Amino acid sequence: MSSTQFRLPVLLLNWPWTRRLSPHYEQAKRDSSAWVESFKPFGAKGQRAFNACDLNLLASLAYSARDDPDFIRLGCDLMNFYFVYDEYTDIATPEEAGRLASTVITAMKTPSESEDQHLLVEMTRQFWQRALTLAEPGSTCLEHFITTSELYLHAVTQEAEDRQQNRVRTIADYLPLRRETCGARPSLALYEFGLGLPEEVTSHPIFEALAQDAIDLIIFINDMHSYVREISCGLANHNIITLIMHEYGLGLQEALDWLGTRTEEVIQRFLHNARNVPSWGEEIDSKVQVYIDSLGQWVRGSDDWSCEAKRYHGNDGLRIQDTRLITICPRKANYVKEDEAGNEVAEEKAHLEGKSKAPGTSGEAKGGSVTQQSCSNWVVSEKYQIPTHVPAAAVDWFTDKVKFWWKSFSVSLRKFFHGPRPLRT
């Protein structure tokens with residue numbers, strides 16, 4: 001292996017649940033994709049990139065333990081909503097993320113009273129209306145879902161604060177936050193819809209331990225597969241791979257191997273607890289087994305989707321799934337930084353043409369809105385805009401050289417045609 005090539009551990013080598021795709025995938029994908037696109041959350045390029053991630057595939061793999069077309073559609077809607085929400089909050093300040101979280105929570109708790117017209121609020125209202133049709137009024141699953149969703153939304157705000165402060169947490173400090181920011185708690189709580197599990201079951205220590213271990217496995221899988229993408233965009237501080245290297249002084253390959261060992265420990269604990277779940281009677285026990293199988297399928301589905309969709313590995317996912325080899329590319333600027341570099345070029349061109357400034361500079365663009373993109377983010381809609389703050393990301397060596405060359409060239413060209421700029425007095 002080269003100095004930039006590393007081997008991913010097979011985290012689920014001893015996981016007994018195998019790949020399973022819901023037979024309702026294709027229909028649910030059509031319906032949920034049309035639903036998302038009706039809100040126009042991204043521009044054309046961003047929407048194509050978002051569609052390539054195929055969050056519907058994730059839901060159809062993760063929720064495949066439930067053979068219900070309406071449930072699979074609801075799971076697709078939830079996954080799509082979470083990722084749209086993440087794209088918006090990834091470029092938001094902590095204050096903006098906090099306000100957005102509050103309005104979404106209000107829309108879920110009291111949908112008829114919320115008057116906010118933001119697309120994420122309307123997506124929440126419509127999702128929740130569908131969700132309520134799959135659970136009996138007063139079911140504990142409704143409260144569980146709202147409570148865990150609220151924890152998720154507030155945790156994403158905390159992640160925005162960490163990003164703004166360029167904070168690197170310890171692993172012990174990171175995991176409690178990551179268990180919320182990954183959205184796994186409400187995602188797993190959705191599996192309770194229609195099962196009718198009583199509170200004495202869902203609050204049992206072994207039941208809670210099973211859920212938390214499944215969440216940790218989902219985190220480990222997601223952070224391993226997303227690391228290459230996040231390090232290339234300067235967003236890897238909220239990733240356990242970075243923290244392992246930072247905390248233990250390890251290189252990347254050693255950190256990946258450390259994660260593999262830690263994952264196996266969690267797997268063995270999960271399987272032990274699954275074999276020792278207490279009995280609540282035949283009827284409840286069968287539902288508990290459905291839930292345990294659902295956890296197992298969610299973990300497996302998360303790993304399969306990470307390689308089968310294009311979110312993290314692009315067109316190389318299936319090859320990486322087979323060879324386990326990844327390549328770390330030089331760090332690059334995100335799309336917003338590239339736009340900023342483009343604006344500098346436009347200013348130089350405008351000066352040569354005798355214009356005061358180029359369209360789109362200083363926060364102006366045609367139609368009065370700013371088109372925004374980042375390496376992890378496709379918020380490019382002109383219809384729906386939120387104030388944004390993009391975390392600083394270093395421009396890679398190549399981009400720096402190109403910008404330096406262009407500035408030198410344009411200054412020389414300007415002097416040739418117009419002479420030197422007069423000195424400021």
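Visitor: Which residues in H12 meet Leu252, Ala255, Leu256, Trp258 and Leu259 in H13?

Guide: This is a predicted model, in which local features need pLDDT of at least 70, side-chain atom pairs count only at pLDDT 80 or more, and totals for chains, interfaces and linings use all residues. Residues are numbered from 1 along each chain as its sequence is written, and side-chain values use heavy atoms, with hydrogens and water left out. Helices (H or I, at least four residues) and strands (E, at least two) are DSSP runs numbered from the N terminus, and contact means heavy atoms within 4.5 Å. On that basis, the H12 residues meeting those of H13 are Ile240, Ile241, Ile244, Met245 and Tyr248.

Visitor: At what angle do H12 and H13 pack?

Guide: Axes are lines fitted to C-alpha atoms, for helices over the stretch in contact, and angles run from 0 to 180 degrees between N-to-C directions. Under 35 degrees counts as roughly parallel, over 145 as roughly antiparallel, 65 to 115 as roughly perpendicular and the rest as oblique. The axes of H12 (residues 240-248) and H13 lie 9 Å apart, at an angle of about 110°. That makes H12 roughly perpendicular to H13, the angle being about 110°.

Visitor: How many nonpolar residues does the contact of H12 with H13 have?

Guide: Ala, Val, Leu, Ile, Met, Phe, Trp, Tyr, Cys and Pro count as nonpolar, Asp, Glu, Lys and Arg as charged, and the others, Gly among them, as polar. The contact of H12 with H13 has no polar and no charged residues, and its nonpolar residues number 10.

Visitor: How many aromatic pairs does the count come to?

Guide: Rings of Phe, Tyr and Trp (its six-membered ring) pair if their centres lie within 6.5 Å; planes under 30 degrees apart count as stacked, over 60 as edge-to-face and the rest as tilted. By this rule the number of aromatic pairs is 21.

Visitor: How far apart in sequence are the parts that Trp15 and Phe270 tie together?

Guide: The ring centres of Trp15 and Phe270 are 5.1 Å apart with planes at 50°, so the pair is tilted. Trp15 lies in the loop between strand E1 (5-7) and helix H1 (25-37), and Phe270 in helix H13 (residues 252-275), so the pair ties together parts whose separation in sequence is 255 residues.

Visitor: Is the pair of Phe83 and Trp305 stacked or edge-to-face?

Guide: Phe83 lies in helix H4 (residues 69-89) and Trp305 in helix H14 (residues 282-308). Their ring centres are 6.0 Å apart and their planes stand at 70°, so the pair is edge-to-face.

Visitor: What is the relative accessibility of Trp305?

Guide: Buried means under 20% relative accessible area, exposed over 50% and partly exposed in between (1.4 Å probe, protein chains only). Phe83 is buried, with a relative accessible area of 13%. Trp305 also counts as buried, its relative accessibility being 2%.

Visitor: Over the face of which residue does Arg66 lie?

Guide: A charge sits over a ring if NZ of Lys or CZ of Arg is within 6 Å of the ring centre and within 35 degrees of the ring normal. Tyr63, Phe71, Tyr191 and Trp298 form one aromatic cluster. At 4.2 Å from the ring centre, Arg66 lies over the face of Phe71.

Visitor: Which residues does Ile218 touch, not counting residues up to four places away in sequence?

Guide: Ile218 belongs to helix H11 (residues 205-233), where it is buried at 7% relative accessible area. With residues up to four places away in sequence not counted, Ile218 touches Ala184, Trp298, Val299 and Ser302.
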